[in-house]
Amino acid sequence: MARVQNAFTSVRTEGSLLPPDFLQRLLAPRPDIEGLRPEDYHLAGRERIDDAVSRSWLSLFGAWTVFHDQLQRLSADDPATSLTREKWLYVLFSELGYGRLESAKCLTAEGKPYPISHQWRNLPLHM
């Protein structure tokens, strides 16, 4: 089997999940590769995928910067649970399309209690 030269300087692949030849195909997208059209991401009008990614990245980068700055000001014994949840995790999950997560107390499976902090629809999450 011939090896494909990796044209990516900042991406290194291991295994076969994202082989280099597939990544090469992404450089010059064709209609036969699923998930590369704006419609696949429910984008409005003629919005381009890279524009949506840039907008999302800038929003999350700004939230991360605020979170990181406030985290640096906490005392060493502060676990930062509330700050992390409010200033980072809620923002991240919202940007990923989950909206505001609901608080949840505990999940019981096969008679065993499993602590969870939140849920999205029927999906338990623990932050």
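Predicted model: local features only at pLDDT ≥ 70, side-chain atom pairs only at ≥ 80, totals over all residues.

Me: Is Phe-61 buried, partly exposed or exposed?

Reply: The general idea is a scale of relative accessible area: buried means under 20%, exposed means over 50%, and partly exposed lies in between. Phe-61 has a relative accessible area of 47%, so this residue is classed as partly exposed.

Me: Which residues make the nonpolar surface patch, and what is its area?

Reply: In a nonpolar patch, side chains such as those of Leu, Phe and Trp are joined within 5 Å. Here Trp-57, Leu-58 and Phe-61 make a patch of about 390 Å².

Me: How should I read the surroundings of a residue, for instance Glu-95? Which residues is Glu-95 in contact with, leaving aside its neighbours within four places in sequence?

Reply: Contact means heavy atoms within 4.5 Å. Glu-95 is found in helix α3, residues 81–95, and with those sequence neighbours set aside, Glu-95 is in contact with Ser-56, Ser-59 and Leu-60. With Ser-56 there is also a side-chain polar contact of 2.7 Å. The C-alpha atom of Glu-95 lies 9.5 Å from that of Trp-57, although the two residues are 38 apart along the chain. Glu-95 has a relative accessible area of 34%, and is therefore partly exposed.

Me: Let us turn to charged pairs. How many salt bridges does a search of the whole structure find?

Reply: The criterion is a side-chain nitrogen of Lys or Arg within 4 Å of a carboxyl oxygen of Asp or Glu. By that criterion the whole structure holds six salt bridges. One of them joins Arg-48 to Asp-50, with the closest N and O atoms 2.7 Å apart. Arg-48 is partly exposed at 46% relative accessible area, and Asp-50 is likewise partly exposed at 42%.

Me: Which salt bridge links distant parts of the chain?

Reply: Arg-100 and Glu-86 form a salt bridge in which the closest N and O atoms are 3.6 Å apart. This pair links distant parts of the chain: Arg-100 is in the loop between α3 and β1 (102–103), Glu-86 is in helix α3, and 14 residues separate them. Arg-100 is exposed, because its relative accessible area is 56%, whereas Glu-86, at 37%, counts as partly exposed.

Me: How is a sheet read? In what order do the three strands of the open sheet lie?

Reply: Two strands pair if there are at least two bridges between them. The order here is β1-β4-β5, with antiparallel pairing. Strands β1 and β5 (123–125) are the edges, each pairing on one side only. Strand β4, residues 118–120, is joined to β5 by three bridges, and the bridge partner of Trp-120 in β5 is Leu-123.

Me: What should I know of side chains in a strand?

Reply: In a regular strand, side chains alternate between the two faces of the sheet.

Me: How many bridges join strand β2 to strand β3?

Reply: Four bridges join β2 (residues 106–109) to β3 (residues 112–115), and the two strands run antiparallel. In β3, Lys-112 is the bridge partner of Ala-109. The hairpin of β2 and β3 has two residues between the strands, and Glu-110 takes a positive phi near 50 degrees there.

Technical notes. Residues numbered from 1 in each chain as written. Heavy atoms only, no water. Patch = residues over 30% accessible without salt bridge, like charges linked within 9 Å, V, L, I, M, F, W, Y side chains within 5 Å. Areas by Shrake-Rupley, 256 points an atom, 1.4 Å probe, with all protein chains shown as cover. Buried < 20%, exposed > 50% of the residue type's maximum accessible area, 1.4 Å probe, protein only. Polar contact = N/O pair within 3.5 Å; in protein donor to acceptor, adjacent residues only side chain to side chain.
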